[in-house]
Amino acid sequence: MAKARGFVEFNTEACKGCELCVKACPFDVLDMNHLVNGKGYHFSYMKNYDQCTGCASCAMVCPDVVITVYKVK
Ligand code: SF4
Ligand code: SF4
């Protein structure tokens, strides 16, 4: 069976920079950007695209519903 792959999209302007998603990802996919959004918060991004499985752990912990998860086969 092919390994499930995932991709996550961020509503960057809604991110508060809490880093919960970075810590929640079991595959070290996410990291905080050194840039800031319009509100002055560092926002998360996909550092390791290849490692995402689409498990959605990041989206579940985000208090501000910033993350949308897509799954591809
Ligand atoms: S969907 Fe899962 S593997 Fe992908 S970034 Fe989120 S927590 Fe990490
Ligand atoms: S959990 Fe949500 S608000 Fe917190 S850093 Fe991640 S995307 Fe931003």
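In the protein, 63% of the contacts with a separation of 6 or more join residues 24 or more positions apart, two residues being in contact if their C-beta atoms, placed from the backbone, lie within 7 Å. The model is a predicted one, in which local features need pLDDT of at least 70 and side-chain atom pairs count only at pLDDT 80 or more, while totals for chains, interfaces and linings use all residues. Residues are numbered from 1 along each chain as its sequence is written, and chains are lettered from A and ligands numbered from 1 in the order in which they are written.

The protein has two helices and four strands, arranged from the N terminus on as β-α-β-β-α-β; helices (H or I, at least four residues) and strands (E, at least two) are DSSP runs, numbered from the N terminus. The C-alpha atoms fill a box of roughly 45 × 20 × 15 Å along the principal axes.

Buried residues make up 18% of the 73 residues; a residue is buried if 20 or more other C-beta atoms lie within 10 Å of its own, exposed if 12 or fewer, and partly exposed in between, with C-beta atoms placed from the backbone. The largest nonpolar core has twelve residues, among them Val8, Phe10, Cys15, Cys58 and Ile67, such a core being a set of buried Ala, Val, Leu, Ile, Met, Phe, Trp, Tyr and Cys residues joined through C-beta atoms within 7 Å. Leaving aside neighbours within four places in sequence, Cys58 is in contact with Val8, Cys21, Ala24, Cys25, Leu30 and Ile67.

Which residues are closest to ligand 1? Of the 15 that surround ligand 1, they are Cys25, Val29, Cys52, Cys55 and Cys58, a residue being near a molecule if its C-beta atom, placed from the backbone, lies within 6 Å of it. The elements that give two or more residues to this shell are β1 (5-10) and α2 (57-61). Around ligand 2 there are also 15 residues, of which Cys15, Cys18, Cys21, Cys62 and Val66 come nearest, and here α1 (20-24) and β3 (42-46) are the elements that give two or more residues.

Two positions in the loops call for a look at the backbone. Most residues other than glycine have a negative phi. Glu19, however, in the loop between β1 and α1, has a positive phi near 75°, and counts as partly exposed because 14 C-beta neighbours lie inside 10 Å. Val65, found in the loop between α2 and β4 (67-72), has a positive phi of about 50°, and is exposed, with 9 other C-beta atoms within 10 Å.
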